[in-house]
Amino acid sequence: MKSHIANLFSPAAIRALAVPGAILLCVVAGAKWNWIAQFPDDWTLPVAAGINVILNSIIPNILPLTSTVSHALGTMLGSLVATLQFLPWPAVVLAVMLIGFKAGGLRLLALCLCALSYIVLAGFWRQSMATLSLVILAVPISVLGGFLLGLGAFLLPWVRRPIELLFDFMQTFPAFAYLIPLLLLFGFGPIAGLVATAIYAIPPMARCMLSGLTQVPRELVEVGDMTGCTPLQRLLWVELPSAKPMMMIGINQTTMAALSMVITASIIGGFDDIGWAVLSGLRQADLGKSLLSGLVIVLISIITDRITAGIFAGRRAQNGWHMRWGTAPVLLAAAAILGMGALSRWAAPDLVQGLNETRGVIDLSVVNSAVLGFVGRYGHILDALKSGILYYLVLPLRLGLSGAVLPTTWGFAMTPPVTAFYAAVALLLAIRQWAKGNPGGAAGTLSLAILLFIGLVGFPWPAAILLVMWCALRVSGPKFAFFAGASLGFALLSGLWIPFVKSLYLVGVSVALCALVGGLLGMLAAHNSWLSAGLRPINDALQTMPQFVFLIPALMFFKVGEFAGLIAISLYAIVPAIRYTEAGLRAVPATILETARQLGCTPAQSNLLVQVPLARPALLLGLNQTVMAAITMLPIAATVGTAELGQQIYISLGKADAGLGITAGIVFCLTAINLDRMLRAAAERCATPDQDK
Amino acid sequence: MRRVRSIYLAAGLSVTALLSWPCAAALSAPLGDSSEPIKIALNEWTGQNITARVAGQLLEKLGYRVQYVTAGSFPQWIGMQDGSLDMTPELWTNNLGDIYPKLLAEKKVEPVGDLGLNARDGWAYTDATLAICPGLPDWKALLEPSCAAALATAETLPNGRLVDYPADWGTASANEIEDFKLPLTAVPAGSEGALVAELQSAIAAEKPLLLRFWAPHWLLAQAKLNWVEMPPCDPNDGARCVLPSPVIKVVRAGFGDKWPAAYSFMKQYQLSAEDQQVMMMEIDQNHREIGSVVSRWVADNAAKWNPWIEDAKK
């Protein structure tokens, strides 16, 4: 008992409580000295201007090289597009069906037929071929780049960490932010988009490559060594072959990444592709048109995914008589069909030309009238939902309880007695945690209470840095704490603190919404296979649909402003929340559930007290993925009128201010990387809970 | 049917060619390099596409080859700089960004006059707004607290909400609100799609809405919008006065030397809002193909464009 009391006042416990103390001090001091509450403008450094100076000195020097590359790629792209658009679609459809049959049997054949018929019927054949050409050209570049980077990281372990950081940057850096320098380097047109796509699609390949190589079983490597392999022979004959399955997954993932990026890159124009159609639909707020063209990319993604996965899985994974055909004859037959198609084009040029330029017969404009009809009839419900979330979730986070609690909405004001009551509750909770021997938790509770009271936007910056560094220190260690502190310092010094904080809170609120709704759906799906089967295609579509498409319903339902952005972000970010919750809960061993049932748990009890705690690592990883998805969606949501980093990037695109875009992009990446590390570290700690006790 | 029409057109053209035979020898010189196509930017909105295609078809009549290139309204300036684009025929000067003025100062692009679209621009409101602000269209109606309160939302309380142009377009609404002490808050929309969606859903729900908008716009062919009589402000002070945006035509530097006749034509080329709106209606509402809609307009309006072509040939 005595030692318990002594523990309560141990130096570590006192140190933990110093954090909320210091935050409180900052808040009080901020009222007196403005430089604490608000980072002074004249302390910022001209980061954006500096980047522009650097770019202006680099670009002219490498321009000859890049314009040569651009010219070469342009010629290749031009001839590829011409070829694909030259081939009559029935021949292409047949060839793809044949390959699909080889890869996945009758089911995949039927899927290919449906998907390709849709593309023809929707009238997007030409545009699909253009998009496909871009992907066909970008994927080999990414695969080669990823292969070399992954191999390099494997052979030189000391570059592994910096290279992994580079991958993080490549995957989270918003494409909008580097489009301007790419345009300056590669000229106006699809090549800049092609390069952006290729860059974005490198990391999945490189990551799979690296993990495939590092996971080669030790015994195999030893066998190689014993038979007298030189390191090169070992690499070529042992390590690379056994990393092949992972490499195949890498190629598949890279293709998927490229397909999702071509749409964003088409904002440049210069190319009549699917992305342009999606964007025109967005510009006209025409949901039907956007959906019509967005579905094309969804379907192309699905069949590419199934075909590559099927072919790479090879003979082991499947059996069936279609597997008896060799790959080479099938490809030859497909080539022969295409050749015959080409010949037919010469034989009857007018007929085939007409075929390829068929206008669409599918018309989704009924979707528009449905949405507008819904808004007309249920507008008041939507408005009530919006005001509810704004008043009770968004505004408190932004302005703090001190600013958001008003008699008109909450029914009371934050008068001194109410504030005192709030402080007392927070203190009581903290004391309880402290008495339980958890001074860190107590400090966290107090800090959170102060944060909620002040709001994110008004939170003094020294306090924010302190709080973040302390959290980082607790979940991971001093190295990460330093990195997190430096990241926040960069946001401050570059003058982007306020947009950064606004992004953070937009991400925070949408993640909270996703966790709530997605978690609930995932939980229900874990217990109901019907719901689970029904959710799967919806999730697939939400994830592969061009993100721009979500903006239109969000706008129609909830009007211009942060809230529409919030909904658009949540529509995209909810998928990992659903998926990981379901997978995590389903992975809980049935024996444990049976034990819980025998102990007399009600289903609800077994759910909350047994399944959820056991699935915690999976849930945290899901949270991590949700945060990442929300962050990637931010710059796209800027087009509905949010005021955060994404908007800065968008403005920089309009001003052609590469420096501002890149600075905002870096802040953006740092935010994503820090949150990712923090949540991953937390997930690891959960997976091994007894480590720190 | 289309083929028949094009035969007529071809016949008509050859007749004009025959009539102008005496000066045919001189004709080839002002045409310039007619083997290389003139690359015309196609931006994201239907109105611009109409302007571009009318110009393109008329340039073809002059004897040029044209090529249409889709281009984002900001990235297009990179294209105008590096030669992937030769002209952008409909530039709204309220939405310029920073790169166009820079190119203009460096003389890399050249404006070739107003398009004659006589655009309208200002604050506008839906019919349902009239019920709560009965004094409209007079701007003083917006001073009424009851009007502002009815337009307010959670984000703008206690002020009324004015949906403004996106922040990157540059707009004077916020300054004008300040100057005239209007109880309003300007909320930037983020994109044109956002403005359109906002307006469509307000009309569908019969909700009051005050927003900044412009005409000609395809949406106005299907949605009714009323214009506020704006407070009097100094038209020379663009930063504090909401003004209709001039719509101009811009070509690449050196366009005139390369294609003298096309240059002369582009200087004269005009397209009125009424003409554009009729074609917009055909394309967006009746889902007709843009090429044939434009061809028909060109065939029906020879009186309008003949003088430009004749003049350009001189």
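**Close-up views of a predicted model**

**View 1. The contact of chain A with chain B.** This is a predicted model. The contact draws 45 residues from chain A and 39 residues from chain B. On the chain A side, five helices each supply at least two residues: α8 (175-186), α13 (274-283), α17 (365-399), α26 (551-558) and α31 (645-655). α17(A) provides the largest share, seven residues.

**View 2. Residue classes on the chain A side that touches chain B.** Nonpolar residues number 25 here.

**View 3. Domains of chain A.** The assignment for chain A lists three stretches. Domain 1 covers 64-359, domain 2 covers 372-455 and domain 3 covers 478-688. Over C-alpha atoms, the centres of domain 1 and domain 3 of chain A are separated by 27 Å.

**View 4. The contact of domain 1 with domain 3 in chain A.** Domain 1 of chain A puts in 24 residues, and domain 3 of chain A puts in 25 residues. On the domain 1 side, the elements giving two or more residues are α7 (160-172), α8, α12 (244-265), α13 and α14 (287-317) of chain A. α14(A) gives the most, with seven residues.

**View 5. Residue classes on the domain 1 side that touches domain 3 in chain A.** This side has 18 nonpolar residues. Five residues are polar and one is charged.

**View 6. α8 and α13 of chain A.** Each of these helices supplies at least two residues to the side of chain A that touches chain B. Both also give two or more residues to the side of domain 1 of chain A that touches domain 3 of chain A.

Terms used:
Residues numbered from 1 in each chain as written. Chains lettered and ligands numbered in written order. Predicted model: local features only at pLDDT ≥ 70, side-chain atom pairs only at ≥ 80, totals over all residues. Contact = placed C-beta atoms within 7 Å. Helix = DSSP H or I, 4+ residues; strand = E, 2+ residues; numbered from the N terminus. Nonpolar A, V, L, I, M, F, W, Y, C, P; charged D, E, K, R; others polar. Domains from an automatic or database assignment.
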